[in-house]
Amino acid sequence: MTETIQLTKKDFSSDQDVRWCPGCGDYVILAQVQKTFPNLGISKENIVVVSGIGCSSRFPYYMNTYGFHSIHGRAPAVASGVKLSNPDLSVWVITGDGDAMSIGGNHFIHVLRRNIDMNILLFNNRIYGLTKGQYSPTSEVGKITKSTPMGSLDHPFNPPALAFGASGTFIARTIDKELKHMGNIVAESAKHIGTSFVEIYQNCNIFNDGAFSNLTDREVKSDNVIALEEGLPMLFGKEKDKGLILDGPNFKVVNIGSDYSIDDLIVHNPKDRNLGLLISEMTYDENLPVPIGIFYKEDKPTYDSMMIDQINKAKEKDIDLQSIIKGSNSWNVK
Amino acid sequence: MSKNSSSSEVVTIRFSGDSGDGMQLTGGQFSDNTAIFGNDLNTLPDFPAEIRAPQGTLYGVSSFQMQFGSRNIYTAGDDLDVLVAMNPAALKVHVDDLKEHGLLIINTDNFTPKNLKLAKYEENPLDDSALDKKYRVIKVGMTSLVTEALKDLELTAKEKARSTNMFALGLLYWLYERDMQTTINFLNKKFKNKPLIIDGNVKALKTGFYYGETIEVVKTTYRVDRAKYESGEYRNIMGNQGIALGLLAASHCNDIGLFFGGYPITPASDILHMLSNYKSFGVKTFQAEDEIAGITSAIGAAFSGRLGVTASSGPGIALKGEAIGLAIITELPLVIINIQRGGPSTGLPTKTEQSDLFQAMYGRNGECPCVVVSATSPSDCFEMAYEASRIAVEHMIPVLLLSDGYIANGSEPWKYPDVKELPKFKFNYAVENSEDFNPYERNPETLARKWAIPGFKGLEHRIGGLEKADKTGNVSYDPDNHHLMTQKRQEKVDIIANFIPDATVLGKTSGKLLVIGWGGTFGSIKSAVVKAQEEGLSVSHLHLKYINPFPKNLGEIILNYDKILIPELNMGQLLTVIRAKYLVDAQGYNSIKGKPFSSNEIFEVIKKHLED
């Protein structure tokens, strides 16, 4: 991190033509990441972007950093090897709902459990795009697709809740259409030391167009989305007239007015684990708005820093290679 | 108490008992002691896949065999001179391998009606004179003698009984005129916080030794003279130890960080265990969540400028297949170690086999050639792990190193090297801020591409599993480019033949029969060929360590013999490769029993081929 020259978005754009379908949500995510990276204070030779397979996983080709487009689902494992080999690098994983939640589910939970310092951006479009339109592990039940003509039968994963179950230390969500929000969340995730997980709701305009329209259409979004801010009451609605209170162990929507005031609302504290769990569980509850923002963050030692500590401790003993090779029971033949 | 001593040249012994009887430890102790004494030796541990198979059963028998002697030893031996049977099941499983008039040492305390039934004996074989007629039998109530000797120690009955293996070891030490000190040192170290356990075990060991000295039954002890070695520094080494040390040396002597990503699997896990102890050298070991994460993390490490290594056995290598392809198309240096075991599927986890050669050669999608090298014995593992690392970084290519269960767990004396004299690797690092850097620009001699490592300025680039354009490495779907790159990946492997040693023949460089082997069959084939040569037969031996590519001179050598015989512990995999490559009518000899060839069996096959 020796670079002092201020980089710009252009510095992070590679010379390759971007090949996503016109209108794909991935374009704005790419642009927002390219805009955010120059402000992270990290020089581009110290950034590695790793991906798996899927539309989103073409991402590294378009970033003028070090990049690795690996194999399906394995990006967190490749990225783990990169980070553990050189902890000075800023490591980013770009993945999708099929890549991270289905074929790569195992790596996803284990990297979170280990808390290796990297940033995972999951582009969730609730559909398989690259294979042309099968339902994904985040598709809603009953999804009619090429592979499920009578509707899908499996219940969807809720990625932030899964991240919670895997002991994630930074869990957040944003939406492709909310550019500023996305930029902020990406920057916050970069600051977090440990595995940060950001779910980005992303529209696939070819195979699942409008999947998030209730969260993005100007007329309705304010009533359906709640943007969480640390230290602020959980307020939402076009007129900022609705909020969340705790009714027993559950959230309940109330109207600000005669019965409730702003002071009655829950104040968001991303360090509160119980609250974080409740927030991530809101996603599929039809009576509650869909949360975006930082659900939860926690300071916890990272695997990579502990690995370095162990190595440094072991190095206190000066052992030479020849004596290891000789072993404890050697003999000489004259 | 008169004691006669007679001298033998070569002896084969086997400790056998229940899998909870500590036979592996006993055998390991005897072999370390034997090595330090100065005999050449070779060992064959054999144990069930279950950690504690039901006690007393036939399938729960664990054994440790070794051959040692005053001349060169290449195998763990065929027929036994001495069999130690700690229970009826062990006797039943192993007694037929004992030579006539061989020494049979039995722990009679375990010959209870229950154990006899579990071993499927109708009658107690100890009551039958048949054993005594065929073998020299020493019947000892080892458990009760040990319990009696330890009666004053505050140990539980179970703890006392568990020292019985030390009694057997002590008896064998006496039989072969050995010093017990190596084992006493070992026990002091192993149980350093449990002084009572040390006392118990040392006492049991001495009780066994003195029992041999005292009792009238054993009239002769055997002295096996020291073997003649070339001068140098030696130690005893197991195959997996050799691999771990070879990787460590490759890393340390060439100033390249070692990253090992792996998932536990028999019989490869010991490599992970050993490397995890070398943190003081900066070695990073990563016990991944699965086999795929094991190799992909190692690929990530290779991308980041480290020596990336993963190790597994057949089933794990199958899972890694797609990732090996990724390492091949991204042209990253990677060492992939397969400690082969019996297959298919879970197969025989603790038994040896050579049936993953096809997997190594062809087991991936697409045209996906991989460098394949193989270790021939425990003491060869160090060199081949070092070689695999060298080829990987010098040629920017994944290298598959094949070992097997026999090599991995077997041990033999090793003349270890002076680390200062190990060859230094030639790296292909890209120069920081180089003008017009192209990730797929190649070294004209090796065709290796440049290694551009994250953190270095001006070398930012992207690689991945999609086909690469020549030179730039950008994604390319161009038909001619794909054809060209496919050829280059093959050529890159083929060209390595210029950078590996020629094959050498043991014996005459032409003649009637050439026996070609690879991997852990080295000892059996060599012993058989030496014996055949001593009998004047026209036979030579060639053992391949480099399989893809083959050494350049292999085709020429093959032409110098009338017949080619290829014994393998598979259905004829090297045979198929050699027949295809050299259009030669080579014949196979194949056995898939989960155990090494005996040298007698190879000797008979050699004779038969020379008669036909």
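**Figure 1. A:Phe68 stands opposite B:Ile463, a residue of β17(B).** This close-up comes from a predicted model, in which local features need pLDDT of at least 70 and side-chain atom pairs count only at pLDDT 80 or more, while totals for chains, interfaces and linings use all residues. Residues are numbered from 1 along each chain as its sequence is written, chains are lettered from A and ligands numbered from 1 in the order in which they are written, and side-chain values use heavy atoms, with hydrogens and water left out. Here β2(A) and strand β17 (residues 462-464) of chain B run parallel, joined by 3 bridges. Helices (H or I, at least four residues) and strands (E, at least two) are DSSP runs, numbered from the N terminus. Two strands pair if DSSP finds at least two bridges between them.

Figure 2. Over all chains, the count of aromatic pairs comes to 34; rings of Phe, Tyr and Trp (its six-membered ring) pair if their centres lie within 6.5 Å, and planes under 30 degrees apart count as stacked, over 60 as edge-to-face and the rest as tilted.

**Figure 3. A salt bridge links A:Arg114 to B:Glu289.** Their side chains meet at 2.8 Å, N to O. The interface of chain A and chain B has 1 salt bridge (a side-chain nitrogen of Lys or Arg within 4 Å of a carboxyl oxygen of Asp or Glu). On the side of chain A that touches chain B, the elements that each supply at least two residues are β2 (66-69), α2 (75-85), α4 (105-114), α10 (303-315), α11 (321-326) and β12 (330-333). That side divides into 25 nonpolar, 23 polar and 12 charged residues; Ala, Val, Leu, Ile, Met, Phe, Trp, Tyr, Cys and Pro count as nonpolar, Asp, Glu, Lys and Arg as charged, and the others, Gly among them, as polar.

**Figure 4. The contact between the chains takes 60 residues from chain A and 70 residues from chain B.** Contact here means heavy atoms within 4.5 Å. Together, chain A and chain B bury about 5300 Å², 62% of it on carbon and sulfur atoms (the accessible area, 1.4 Å probe, that two parts lose on being put together, summed over both).

**Figure 5. Five strands of chain B form an open sheet in the order β18-β20-β19-β22-β23.** The pairing is mixed. β18 (505-506) and β23 (587-590) stand at the edges with a single partner strand each, so one side of each has no neighbour in the sheet. β18(B) pairs with strand β20 (residues 539-544) in the antiparallel sense over 2 bridges, and B:Val505 stands opposite B:Leu542.
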